[in-house]
Amino acid sequence: MSERYNAADVEPRWQKVWKEADIYRADDKSDKPKFYALEMFPYPSGRIHMGHVRNYAMGDVVARYKKAQGFEVLHPMGWDSFGMPAENAAIDIGGHPKDWTYGNIEAMKEPLSRLGFALDWSREFATSDEAYYKQQQYIFLKFWENDLVYRKTAKVNWDPVDNTVLANEQVIDGKGWRSGAVVEQRDMDQWFFKITKYAEELLEGLDTLERWPEKVKTMQANWIGRSEGLQMKFEFDGISHTKAVEILNNAQTSDDKNVIEAIQTTAANKAAVPENQKAVQIFTTRPDTLFGASFIALSPDHPLTLSLSKSDSKVENFRINCAKIGTTEEAIATADKLGFDTGLKVKHPFTGETLPVWIANFVLMGYGTGAIFGCPAHDQRDLDFARKYGLDVTPVVLPDGEDASTYKIGNEAYTSEGTLFNSDFLNGLNKDEGISAAIAKIEEMGLGKGVTNYRLRDWGVSRQRYWGCPIPVIHCGDCGVVSVPEADLPVALPYDINFDKPGNPLDRHPTFKDVECPKCGSPARRETDTLDTFADSSWYFARFAGGNTDDRPFDKKIASDWLPVDQYVGGIEHAVLHLLYSRFFTRGLRDCGLLDLPSGEPFAGLFTQGMVTHATFMNIHGDYVLPDGVVEYEKGATGISYLSDYGAGLIHAQIEGLADNKFRSNYLKQVNQTGKYLCEIESLIRPIGEKDPRKYTPVLQGDVIKMSKSKKNVVDPNDIIEGYGADVARWFVLSDSPPERDVEWTEAGVIGAWRFANKVWALVSETPKLNPMSVASRASGDALELRRFAHKAMAKITSGIESFRFNTSVAQIYELTNALKKYKANDEAKAEALGMLIRAIAPFMPHLSEECWAHLGGEDLCYHAPWPVIDESLLVEDTVTLPLQVNGKRRGEMTVPVDISKEEAEKLALADPAVIRTIDGLTVRKVIVVPGRIINIVAS
RNA sequence: GCGGGCGUGGUGGAAUUGGUAGACACGCAAGACUUAAAAUCUUGUUCCUGUAUAGGAGUGCCGGUUCAAUUCCGGCCGCCCGCACCA
């Protein structure tokens, strides 16, 4: 019975058993404590990759472990199936996005099933299913009713060739990623989710997420970007003031009014913005430096700038110049400071001095009020600007140790803390005191008030795309924007579309657009934009929990019972977008009365796993080479080698003859370092007169990077499953590397995992039938030793799983396996240890453990077996080996009873021969005894 | 620029309340079995000196606290990630 472990036979057999017994179905009505395990669901690209394997293997470990711990586990799976790739495929290779998508789902489901994950497939859905997006449309309308959705004109990236809006990620160096056309900024009507309504709650909620990575919380906090400061007005001075009012009143178009209105209605700004426009509103986080103000700067997109440009062509030209700089981050970061003096003046509220009003390219319209006061001495940007245009630089913060009479600002602004000076009533205060005092004074003068500002903007969700959830509204000439009645949902995507022309096919569909107004019955136009696909993934976890309802997004009670997700696992790339949008959605659902989740937090525990990486290889032509095509042989090519001496000679000849010096020197360096020649067998055609039929080409090893098709460093999970089995693939991606870090896929590593699977099987198959649930409570001698070892290992395996350090659990499983081979214990103790081992392996390699369980004669399925109970008394030894240190250096060790007294231990330590030898001639000053840990003798 | 993280053998990594640094695995070396290879098994493997007993050095670098530092503190150096003209 000691034949090799045959995964190809074992794995499908158990998968069939599991499926027929329907063991992974979660029971909504269970009395057991619940546990919701979830991994970020996949986009159906058509193939599973190693990243999926790692992600789902981690979630599966948790799900299976929690099941064994007695929890009712919900572990569902589905498809995030709307999105651009389907449309692009239809454009590039023809066909229909729907067919492409659902074909891919079919193609992926089978290999995913072969990995043997404990998934409740009864809850499966795809976000492109009509039943799903119908409910999403319902949610959209509920959000609209509850003031969480609105419509406004906003700037978008417009690709003039493809006639579509592009997401920021799709704009590369200012050009459309597909067309290569220069992207325009265009104003368009867009739908927005009012995520800023929850800015504060989303920020505060982060503190309650104890089982989230600090990194993700920090990123979200930065993204929300709360800053406290002062919003205040600078009143226009003299004639300029009148002129400004005149400009505003006369030159304003309705568009300008909209912008001004939009600013005024921003929640944070609302209270502080006055009704009239006789002043410029600015926002600052450093009101303590107000006495250092030397100018006011407006954004090129500020309403005042816009109205000025209508009557002044120089302003208009300046705006055009600013727009030319481009949209790339690099261009923005390195752009010169550009300014334009409007000639307007404002009055400083404290000093009464007049300050010039400039337009500056570095002031953003999207943050604060789109206008600032410039304090060059204590802000680097302001300083650069002031130096360029000859504006005053007045220091008002004195660094410690500097003299007020001699302190000067050079080309570096002083941005750290210090004592305020040159500042009248603020003199002598520190930064925080100065901020409070300045705010109090401005408030007292009625010129402004302390406010909180957020960097977070509302979420624009309109996409001019076909393959997404249609936005369920109708535009009527008389009634305006009207929602589609609930009874008419879903607004279904028509199938008969074509991609002959660029742009959104819904927009030119013969009938989709033409509808009657649900209110007045007159001819109206259906919205043809679809929702950002991030909306789809913002509530799917709730549908999994309380789904299968057609009248509501999910059953409120059932979904609320399962939520929050206890353990969510996915990639760090979603740290902000998906994870923030979901936190917004659950709050929205809660406040619309659809979900009973007071905290609003969808994911109680989050784990972000690292990527699967692989070495890259490149040949002399500069092409990436598939790892499969790369062979290596030893330097010298004698004995162990894939190549004959003849082949080696060929490589040498090729290298010497290479024209590319850089490649040749790199290759020779590689050979020197590794002692190996890497090459590719380029063809199997025998050149005339050659003995070896193969043609070898030298290959350079490149960086170890994330698996990617274009870099050709991918390993297909299917190949690994066929060659070694699913368990081996799972085991490998969980061993060695800590889960949050990247793991490098190597052939050697896979073989190691495969060997281990065989080792376990060899151990089990040569063991006669026994009860894997047995407890050898009366063990002594070697048997007791084995028990101690097994229970200790089991404790470490358990804590490794609990704390997401699967690599340490794996190491302990190795140790337990080695111990089982080493200890000469009796059958009862062996049965206990082996039973523990099989159950410990089960979350990682469920097929192997099931096979072992059955072979040993375990009752029922291993999947149903409870997690081993650790006997705490076995974790404590009778004796302990203490290291003996002299002056902090280890000189020996001694084995003593664990409950030895400090005095006794000290006596024994000083009698140790190694200690005596070391302290010979020295005086013992002190002996430190840490019970059960160490003894350190201080001598001099 | 701002924020976060990380530096440990040839390699991945252990050592999460300061207490034997290098668990476990890969690789490598030697041996056993074999006609041979593969597989498997055994032993060794941080570096330096040394036949050995043993001694010295050692967790990026410099310093500090401590009987004791990979761990705590201060200052450098290097790498990675996120955000980025956010007032």
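Helices (H or I, at least four residues) and strands (E, at least two) are DSSP runs, numbered from the N terminus. With that settled, here's a quick tour. Phe-804, for instance, sits in the loop between H24 and H25. This is a predicted model, where local features need pLDDT of at least 70 and side-chain atom pairs count only at pLDDT 80 or more, while totals for chains, interfaces and linings use all residues. Residues are numbered from 1 along each chain as its sequence is written, chains are lettered from A and ligands numbered from 1 in the order in which they are written, and side-chain values use heavy atoms, with hydrogens and water left out.

**Helix H25**

- H25 covers residues 806-822, and at 1.5 Å a residue its 17 residues should span 24 Å, which agrees with the 24 Å between its end C-alpha atoms. The expected span here is 1.5 Å times one less than the number of residues.
- Which residues of H25 are buried? They are Phe-806, Asn-807, Ser-809, Val-810, Gln-812, Ile-813, Leu-816, Thr-817, Ala-819 and Leu-820. Buried means under 20% relative accessible area, exposed means over 50%, and partly exposed is in between (1.4 Å probe, protein chains only).
- Those buried residues pack against helices H2 (50-68), H22 (726-734), H23 (747-765), H24 (782-802) and H26 (827-841). Contact, by the way, means heavy atoms within 4.5 Å.
- Back to Phe-804 in the loop between H24 and H25: its phi is positive, about 60°, although it is not a glycine. At 6% relative accessibility, Phe-804 counts as buried.

- H5 (residues 130-145) has 16 residues and reaches 22 Å from its first C-alpha to its last, close to the 22 Å expected at 1.5 Å a residue.
- Since 12 of its 16 residues are buried, H5 is largely enclosed by the rest of the structure. Among the buried ones are Tyr-132, Tyr-133, Tyr-138, Phe-140 and Phe-143, along with Lys-134 and Lys-142.
- After H5 comes Asp-147, with a positive phi near 65°.
- The loop between helix H4 (97-113) and H5 holds Arg-114.
- Leaving out residues up to four places away in sequence, Arg-114 touches Gln-15, Asn-718, Ile-721, Glu-722 and Ala-726. Lys-926 is 812 residues from Arg-114 along the chain, and their C-alpha atoms are separated by 64 Å.

**The RNA strand**

- How many residues surround RNA strand B? There are 49, and the closest are Thr-285, Lys-337, Leu-364, Arg-381 and Asn-936. A residue is near a strand if one of its heavy atoms lies within 4 Å of it.
- By class, the surface near RNA strand B has 18 nonpolar, 12 polar and 19 charged residues. Ala, Val, Leu, Ile, Met, Phe, Trp, Tyr, Cys and Pro count as nonpolar, Asp, Glu, Lys and Arg as charged, and the others, Gly among them, as polar.
- H25 turns up again here: it gives the largest share of the surface near RNA strand B, seven residues.
- An N or O atom in the side chain of Tyr-367 is 2.9 Å from a phosphate oxygen of RNA strand B.
- Asn-936 has a polar side-chain atom 2.7 Å from a base oxygen of RNA strand B.

**Nonpolar cores**

- In soluble globular proteins, nonpolar side chains tend to be buried together.
- A nonpolar core is a set of buried Ala, Val, Leu, Ile, Met, Phe, Trp, Tyr and Cys residues joined through side-chain atoms within 4.5 Å.
- The largest nonpolar core has 97 residues, and Trp-745, Phe-806, Ile-813 and Phe-844 have the most contacts inside it. The largest share of this core, 10 residues, comes from H2.
- Apart from it lies another core, of 81 residues, including Ile-195, Tyr-198, Val-576 and Cys-592.

- The peptide bond from Leu-489 to Pro-490 is cis, with omega near 0°. Pro-490 is in the loop between strands E20 (480-483) and E21 (514-516).
- Leu-563 and Pro-564 are also joined by a cis peptide bond, with omega about 0°.

Methods: Polar contact = N/O pair within 3.5 Å; in protein donor to acceptor, adjacent residues only side chain to side chain.
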